[in-house]
Amino acid sequence: MRDADAALIALVVHDDDRSAFAALVNRHQVGVRTLLTRLCAGDRAQADDLAQETFLRVYRRLITFDRRARFTTWLYRVTYNVFLDHTARRRAESSGEGVSSSQDTPSPALADQVLARHDLARAFAAITPAERAALTLAYAAGCAHPEIAQVLDCPLGTVKTLIARGKEKLRQALASQTTRQPRTESMP
Amino acid sequence: MNDRDLDPLLSAPETRADARFTLAVLASLPPARTARRPAWRWMPLMGAAIGGLVCVLTGGLAVFGAAEGSWTQPWTALAALCGALGVVAVAVAPGAADA
């Protein structure tokens, strides 16, 4: 797996081989898009825009990648940074327009519109971006805790706390949805 | 909800690999760089090509010498050897440059 990534990276860096880069995108797009979909609390369109930005950034900075390191760790770190940059940009725009800047998640209207499709996506809106990232990296991407600590740039203990607290919040959010749902469905 | 119910939900990917996404990423990349071959990588090719050319010419001299009936002369034999080396050098030069 790592060898295949290393060979593709060498082709991209030395020969600007676009088909090798396409192969890298194919191999890792599910992980990146899953992480971003959850960071964006279910907003797939937003997640895909950021995923595209992530791969563009990866292409431009691939030459700086230390090949002794694990590629996925570096890739998820770039992904998380792209999301943080996007959040900071949005916050700056919101404060410029005089709108409340306390949004780490989509607005309730957008959340209702986009997230209603999926209970888990809705529940993810209730937890912090760092918790979303830690949970997604641990479960969907299968990263070990030390690797997650590198991606999120935080101590190992913090990762464990983020995962435990995030799971507890998700459990509560999902439980409250299941208790509310029958009433919603019985409405005319 | 317990861990047994929650863990599979968390482990499931949100998307599947999509060729259209890959194409969109490729379309957003900057224009391709022109072929950047380091100068040193041209040296085996250039050296072998020039050496090969010289050797083929001396090989030609050897054929000429043979036609004149001077096979016994050392320079004719040497030129024939150079010609043979020239053929080999030209044949392996592209491979040496790509190595």
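Colleague: Which residues make the nonpolar surface patch of about 410 Å²?

Modeller: A patch is made of residues with over 30% relative accessible area and no salt bridge; like charges are joined within 9 Å, nonpolar side chains (Val, Leu, Ile, Met, Phe, Trp, Tyr) within 5 Å. Areas come from the Shrake-Rupley method with a 1.4 Å probe, and for residues only the protein chains shown count as cover. Here the patch consists of Trp42(B), Met46(B), Ile50(B) and Val54(B). This is a predicted model: local features need pLDDT of at least 70, side-chain atom pairs count only at pLDDT 80 or more, and totals for chains, interfaces and linings use all residues. Side-chain values use heavy atoms, without hydrogens and water; residues are numbered from 1 along each chain as its sequence is written, with chains lettered from A and ligands numbered from 1 in the order in which they are written.

Colleague: Is Met46(B) buried, exposed or partly exposed?

Modeller: Buried means under 20% relative accessible area, exposed over 50%, partly exposed in between (1.4 Å probe, protein chains only). Met46(B) has 49%, so it is partly exposed. Met46(B) sits in helix 3 (residues 43-67) of chain B. Helices (H or I, at least four residues) and strands (E, at least two) are DSSP runs, numbered from the N terminus.

Colleague: Now the charges. How many salt bridges does the structure hold?

Modeller: Side chains of opposite charge can pair when their charged atoms come close. The cut-off: a side-chain nitrogen of Lys or Arg within 4 Å of a carboxyl oxygen of Asp or Glu. Over all chains there are 15. One of them pairs Arg27(A) with Asp5(A) at 2.9 Å, N to O. Arg27(A) is in helix 2 (residues 18-39) of chain A and Asp5(A) in helix 1 (residues 2-15), 22 residues apart. Asp5(A) is buried at 5%, while Arg27(A) is partly exposed at 34%.

Colleague: What does Arg38(A) form a salt bridge with?

Modeller: Glu14(B), with the closest N and O atoms 2.8 Å apart. Arg38(A) lies in helix 2 of chain A and Glu14(B) in the loop between helix 1 (3-11) and helix 2 (19-28) of chain B, so the pair joins two chains. Arg38(A) is buried at 2%. Glu14(B) counts as buried at 14%.

Colleague: And which residue pairs with Glu147(A) in a salt bridge?

Modeller: Arg70(A), at 3.1 Å between the closest N and O atoms. Glu147(A) is buried at 10%; Arg70(A) is partly exposed at 39%.
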